[in-house]
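Thanks for coming, everyone. Let me put the structure up, and then we'll walk through it.

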Amino acid sequence: MDILTMLPSSFGYVIFTYLYSWIMVTYLAIKVGGARKKYKIEYPTMYSDKDPVFNCIQRAHQNTMEVYPLWLVFQTIAGLVYPLSASVLGAIWVTSRFSYAWGYYTGDPAKRMKGAYGYIGYFGVIILSISVALQLLGVF
């Protein structure tokens with residue numbers, strides 16, 4: 001069976017959301033690489049004892065990578081049944097990770113909360129995934 005006939009036609013929006021997330025993750029990784037050069041933090045050292053701003057840049061990327069796999073799972077599950085809603089929620093989450101990182105990059109960890117609106121997108125795809133699971137189980 002052809003995959004294009006199995007997926008909802010608007011699943012393409014979900015794929016574009018994945019691509020947007022790839023841009024975000026790549027951007028965060030590049031920022032860490034630049035910070036490593038600027039603050040002279042050699043691999044495999046993860047954090048600096050002297051440069052808290054480097055640590056903030058590293059944490060912005062690391063925290064994103066900690067939640068990214070689960071977001072991908074929930075984004076996929078939600079997108080299979082609710083592709084447009086999942087795409088909007090996914091775009092909110094991805095955009096919030098930029099805001100989160102830019103706040104963190106100031107060196108003041110409290111400013112990372114500028115990305116807190118991302119919980120709308122993150123919990124949104126979790127709720128949609130729960131809805132999909134309940135539908136599969138015949139609950140509604």
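Start with P109. Leaving out residues up to four places away in sequence, P109 touches C56 and Y104. Touching, or contact, means heavy atoms within 4.5 Å. P109 sits in the loop between α4 and α5. Those helix names come from DSSP runs, numbered from the N terminus: helices are H or I with at least four residues, and strands are E with at least two. P109 is partly exposed, because its relative accessible area is 34%. The cut-offs are these: buried is under 20% relative accessible area, exposed is over 50%, and partly exposed is in between, using a 1.4 Å probe and protein chains only. P109 and A60 are 49 residues apart along the chain, yet their C-alpha atoms are 9.4 Å apart.

A word on what you're looking at. This is a predicted model, in which local features need pLDDT of at least 70 and side-chain atom pairs count only at pLDDT 80 or more, while totals for chains, interfaces and linings use all residues. Residues are numbered from 1 along each chain as its sequence is written, and side-chain values use heavy atoms, with hydrogens and water left out.

Now the whole chain. How many helices and strands are there? Five helices and zero strands. Read along the sequence, the pattern is α-α-α-α-α. The C-alpha atoms fill a box of roughly 55 × 30 × 20 Å along the principal axes. The chain has 140 residues, and 40% of them are buried. Take the contacts with a separation of 6 or more: 67% of them join residues 24 or more positions apart.

Next, two helices together. In general, two packed helices are described by the angle between their axes and the distance between the axes. Here, the axes of α4 and α5 come within 7 Å and cross at roughly 145°. Axes are lines fitted to C-alpha atoms, for helices over the stretch in contact, and angles run from 0 to 180 degrees between N-to-C directions. Who makes the contact? From α4, S85, A86, L89, I92, W93 and S96. From α5, G118, I120, G121, Y122, G124, V125 and L128. By class, that contact has eight nonpolar, five polar and no charged residues. Nonpolar covers Ala, Val, Leu, Ile, Met, Phe, Trp, Tyr, Cys and Pro; charged covers Asp, Glu, Lys and Arg; the others, Gly among them, are polar.

On to the largest pocket. Its volume is about 220 Å³. A pocket is found on a 1 Å grid over the protein atoms alone: it is an open set of points where a 1.4 Å probe fits, with protein on both sides within 12 Å along at least five of seven lines, and lining residues have an atom within 4 Å of a point. Points are joined across faces, edges and corners, and the volume is the space filled by probe spheres set on them. The lining of the largest pocket has 14 residues, and N63, V67, R97, Y100 and Y119 lie nearest the centre. Helices α3 (52-81), α4 (83-104) and α5 (118-136) each give two or more residues to that lining. Its residues divide into eight nonpolar, four polar and two charged.

Now the loop between α2 and α3. K40 is in that loop. Its phi is near 55°, a positive value in a residue other than glycine. P44 is in that loop too. A cis peptide bond joins Y43 and P44, with omega about 5°. For context, most residues other than glycine have a negative phi, and most peptide bonds are trans. K50 is also found in the loop between α2 (11-39) and α3. Is K50 buried or exposed? Exposed, because its relative accessibility is 72%. K50 and Y39 are eleven residues apart in sequence, and 9.1 Å apart C-alpha to C-alpha.

Last, two buried residues. H61 is in helix α3. H61 counts as buried because its relative accessibility is 16%. Leaving out residues up to four places away, H61 touches V25, L28, A29 and V32. S131 is in helix α5. At 13% relative accessibility, S131 counts as buried.
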